[in-house]
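Colleague: I would like to learn how to read a model of this kind feature by feature. Could we take the topics one at a time, with the general idea before the particular case?

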Amino acid sequence: MTGNAAPTLGAAYVPFADDDPYPLYARARREEPVFFSPALNAWVVTRYEDVRTVLGNPKAYSLATVPDSLAMLSPAAYEELAKTFSEVPVAIREDAVDEARKRVRTPILRAFSGERAELMRDFVQAQADLLVDRFEKRGRAELMAEFARQLPVRVKAPVLGLDEPDIEAFVTGTSDFMELHSVAAQLSVAEQVDRARKVVSYQRLLDSYALKRRADPREDLFSELVQAMAPGDEPLTTPQRKALVDSMTGLVAAGHFTSTAALGTAVWHLLSHRDQWELLCERPELVDSAIEELVRYDMPLRGLMRRVTKPVSLSGVALGPGDELMIVYQSANRDETVYTRPDELDIRRAGAAEHFGYGHGSRSCVGADLGRMMLRTALVTLTGRLPGLGLAAGREVRCMPGLHKIVRELHVEW
């Protein structure tokens with residue numbers, strides 16, 4: 001390599017870093033659409049059609065775990081986590097193959113169906129208004145803590161079966177879990193231990209819900225989850241409690257991570273593109289196309305790991321059983337062979353091909369309808385009630401590293 005040569009794609013790629021990866025993804029799509037990343041020890045898939053191929057064939061491309069490098073914790077933090085049921089804070093795991101986990105998907109699909117989401121429309125609006133009421137007269141807010149992290153938990157509270165006094169504990173618990181999962185490598189040992197203790201407290205709360213729903217089932221998703229994973233009415237065993245805490249943690253976190261990420265990045269990008277914010281304020285009927293464009297423009301879930309199960313080929317790269325892939329949704333959603341002006345945010349974009357913002361095929365997001373409704377309600381509420389909203393001066397917007405692109409803090413004023 002000469003002194004002026006660009007580093008290879010594999011060497012230049014920093015997985016899930018808090019920076020702008022889009023120029024590197026554009027280069028990859030042109031030069032090496034499937035390249036090997038030593039940092040991930042996996043192949044990185046960047047083109048739209050290749051990502052669609054992988055998602056459309058779950059037998060050849062099995063869902064894989066998050067790389068260990070994304071969940072590196074100190075021994076002291078692992079020691080704290082071992083005091084409860086879940087030892088490693090990883091929300092995305094191997095494909096579920098046991099019957100109990102297969103049974104879990106049915107009540108989840110039912111709970112977050114489009115029909116159920118539609119019935120929740122007025123409730124979602126009421127929750128959004130409640131949150132805005134708290135800071136509207138103040139003239140400033142930190143939208144991540146006061147809105148984006150709050151709304152997803154509050155909206156799902158009656159579906160999951162959360163008691164009103166526990167809602168705030170679930171908001172902070174999922175945020176602690178999210179931070180430990182996303183930025184562990186950036187925390188000191190003392191900070192890791194502190195977050196681990198908070199996660200342990202949160203998972204003990206989840207365990208108490210599992211035990212209560214076994215003793216006194218209700219018409220809620222946690223009760224259905226308990227029955228699906230531990231049929232009968234016998235006291236829960238320790239392995240069953242561990243499985244339920246893992247499932248509850250993943251269920252709450254999955255929707256929370258993605259919805260929080262989508263809410264934060266959507267408002268951030270609209271305010272950063274002032275003409276788009278003002279256009280939405282003037283023409284609220286554009287909100288549905290705005291949602292699709294915002295999710296396409298900066299996908300809340302950066303990518304997903306897959307493991308190859310049989311010999312396959314992607315963009316001329318031969319892959320075999322055991323090879324791992326990172327399919328990069330963010331890159332696929334800006335593929336210039338699919339989208340015109342892919343790097344521009346245009347909420348009037350019409351006729352665009354299907355993006356991967358809510359998954360694809362068998363791995364489509366089970367909460368897509370509710371997620372869209374939350375984002376729609378949030379944007380209509382904020383543009384309607386606070387049209388003068390703007391980014392606070394002198395406040396840099398940074399995102400957490402990790403699978404989800406989550407804004408750390410979003411300071412706004414009006």
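Colleague: Let me begin with a single side chain: does Phe177 count as buried or exposed, and at what relative accessibility?

Modeller: Phe177 counts as buried, because its relative accessibility is 3%. Please keep in mind throughout that this is a predicted model. For the chain as a whole, 56% of the 414 residues count as buried, and the secondary structure comes to 17 helices and 10 strands.

Colleague: How many aromatic pairs does a search of the whole structure find, and how is such a pair described?

Modeller: A pair of aromatic rings is described by two quantities, the distance of the centres and the angle of the planes. In this structure the search finds 12 aromatic pairs. One of them is formed by Tyr13 and Phe35, an edge-to-face pair with 5.7 Å from centre to centre and 85° between the planes. Tyr13 lies in the loop between α1 (9-12) and α2 (22-31), whereas Phe35 lies in strand β1 (residues 34-37), so the pair ties together parts that are 22 residues apart in sequence. Both Tyr13 and Phe35 are buried. Phe177 belongs to a pair as well: the centres of the Phe177 and Phe257 rings are 6.0 Å apart and their planes stand at 40°, so this pair is tilted. Phe177 is in helix α10 (residues 167-183) and Phe257 in helix α13 (residues 238-272), so that, at 80 residues apart, the pair links distant parts of the chain. Phe257 is buried too, with a relative accessible area of 1%.

Colleague: Which residues do ring pairs link into a cluster?

Modeller: Ring pairs link Tyr13, Tyr22, Tyr25 and Phe35 into a cluster.

Colleague: Rings may also face a charge; which rings have the charged end of Arg296 or of Arg334 over them?

Modeller: The charged end of Arg296 sits over the ring of Tyr339, at 5.2 Å from the ring centre. For Arg334, the ring is that of Tyr297, and the charged end sits 4.2 Å from its centre.

Colleague: With which residues is Val132 in contact, once its neighbours within four places in sequence are left aside?

Modeller: Val132, which is found in helix α7 (residues 121-135), is then in contact with Phe147, Thr381, Leu382, Arg385 and Leu386. Val132 and Leu382 are 250 residues apart along the chain, yet their C-alpha atoms are separated by 7.9 Å. Val132 is buried, with a relative accessible area of 0%. For the chain overall, among contacts between residues at least 6 apart in sequence, 71% join residues at least 24 apart.

Colleague: Turning to sheets, what is the strand order in the open sheet of three strands?

Modeller: The order is β4-β10-β9, and the pairing is antiparallel. The strands β4 (140-142) and β9 (390-391) stand at the edges with a single partner strand each, so one side of each is left without a neighbour in the sheet. Between β9 and strand β10 (residues 411-413), the antiparallel run is joined by two bridges, and the bridge partner of Leu391 in β10 is Val412.

Colleague: What is the phi of Ser315, and what is that of Arg341?

Modeller: Phi of Ser315 is near 50°, a positive value in a residue other than glycine, and phi of Arg341 is likewise near 50°. Ser315 lies in the loop between β6 (312-314) and β7 (317-319), while Arg341 is placed in the loop between α16 (329-332) and α17 (368-385). Ser315 counts as partly exposed, because its relative accessibility is 34%, and Arg341 also counts as partly exposed, at 39%.

Colleague: How many disulfides does a search of the whole structure find?

Modeller: A disulfide is a covalent bond between the sulfur atoms of two cysteines. The search of this structure finds zero. As for the setting of individual cysteines, Cys281 counts as partly exposed at 24% relative accessibility, whereas Cys399 counts as buried at 2%.

Colleague: Finally, what pLDDT does the chain average, and over which residues is the pLDDT below 50?

Modeller: The chain averages a pLDDT of 87, and 86% of the residues score at least 70. The pLDDT is below 50 over residues 87-98, a stretch that has 35 contacts in the model beyond near neighbours in sequence.

Key. Residues are numbered from 1 along each chain as its sequence is written. Side-chain values use heavy atoms; hydrogens and water are left out. Two strands pair if DSSP finds at least two bridges between them. Helices (H or I, at least four residues) and strands (E, at least two) are DSSP runs, numbered from the N terminus. Buried means under 20% relative accessible area, exposed over 50%, partly exposed in between (1.4 Å probe, protein chains only). A disulfide is a pair of cysteine sulfur atoms within 2.5 Å. pLDDT is the predictor's confidence in each residue, from 0 to 100. Contact means heavy atoms within 4.5 Å. Rings of Phe, Tyr and Trp (its six-membered ring) pair if their centres lie within 6.5 Å; planes under 30 degrees apart count as stacked, over 60 as edge-to-face and the rest as tilted. A charge sits over a ring if NZ of Lys or CZ of Arg is within 6 Å of the ring centre and within 35 degrees of the ring normal.
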